[in-house]
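The following paragraphs lead the reader through one structural model, beginning with a single residue and widening to the fold. Please keep the sequence and the coordinates in view while reading.

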Amino acid sequence: MAITKSLLNTPADHSPNTQLAIDGIQVPGHAGELLIELLNQRTAAKAQKAVPQVCYLPQMGPIQSCDTCIVKVNGELMRACATKVAAA
């Protein structure tokens, strides 16, 4: 099995590689990205109401102290700022 390694100047692949159901609508996502980022991009693109977030700052990452970004994932309440998108 050959292992390939990207060069340092190779752009990261941010193309969607999985699908999520958000409010019953299939949305493309990239495994490993934070759910809050995917939700923020989606709501900005669709001019929809954003998921509330007080302590999340992209530059700092998930602080996980305010609980305003709580969402339901597979029936379980989770912080969107700390939940990574994963293939099912």
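**From one residue to the fold**

Thr 18 touches Val 27, Pro 28, Gly 29, His 30, Ala 31, Val 85, Ala 86 and Ala 87, residues up to four places away in sequence not being counted; contact means heavy atoms within 4.5 Å. Thr 18 belongs to strand 1 and is buried, with a relative accessible area of 11%. Here buried means under 20% relative accessible area, exposed over 50%, and partly exposed in between, computed with a 1.4 Å probe on protein chains only.

The model is a predicted one, in which local features need pLDDT of at least 70 and side-chain atom pairs count only at pLDDT 80 or more, while totals for chains, interfaces and linings use all residues. Residues are numbered from 1 along each chain as its sequence is written, and side-chain values use heavy atoms, with hydrogens and water left out.

The protein has one helix and four strands, and from the N terminus on its elements run β-β-α-β-β. These elements are DSSP runs numbered from the N terminus, helices being H or I with at least four residues and strands E with at least two. Of the 88 residues, 27% count as buried. Among contacts with a separation of 6 or more, 30% are accounted for by residues 24 or more positions apart.

Helix 1 has 12 residues and reaches 16 Å from its first C-alpha to its last, close to the 16 Å expected at 1.5 Å a residue; the expected span is 1.5 Å times one less than the number of residues. Its buried residues are Leu 35, Ile 36, Leu 38, Leu 39, Arg 42 and Thr 43. They cover an arc of only 160° around the axis, so they lie on the same side of helix 1; the arc is that of the directions from the helix axis to the C-beta atoms. The buried residues of helix 1 pack against strand 1, strand 2 (25-29) and strand 3. On the other side of the helix, Ala 44 and Ala 45 are exposed.

Just after helix 1, Ala 47 takes a positive phi of about 55°. Gln 48 is placed in the loop between helix 1 and strand 3 and is partly exposed, with a relative accessible area of 39%. Leaving aside neighbours within four places in sequence, Gln 48 is in contact with Arg 42 and Thr 43.

Most residues other than glycine have a negative phi. Asp 23, although not a glycine, has a positive phi of about 55°. Asp 23 is found in the loop between strand 1 and strand 2 and is exposed, with a relative accessible area of 75%. Asn 74 also has a positive phi, near 50°. This residue lies in the loop between strand 3 and strand 4 (76-79), and at 82% relative accessibility Asn 74 counts as exposed.

The largest pocket has a volume of about 670 Å³. Of the 25 residues that line this pocket, the closest to its centre are Leu 20, Ala 21, Ile 22, Lys 72 and Val 73. A pocket is an open set of points on a 1 Å grid over the protein atoms alone, where a 1.4 Å probe fits, with protein on both sides within 12 Å along at least five of seven lines; lining residues have an atom within 4 Å of a point. Grid points are joined across faces, edges and corners, and the volume is the space filled by probe spheres set on the points. Strand 1 (18-22), helix 1 (35-46) and strand 3 (70-73) each supply at least two lining residues, and the largest share, five residues, comes from strand 1.
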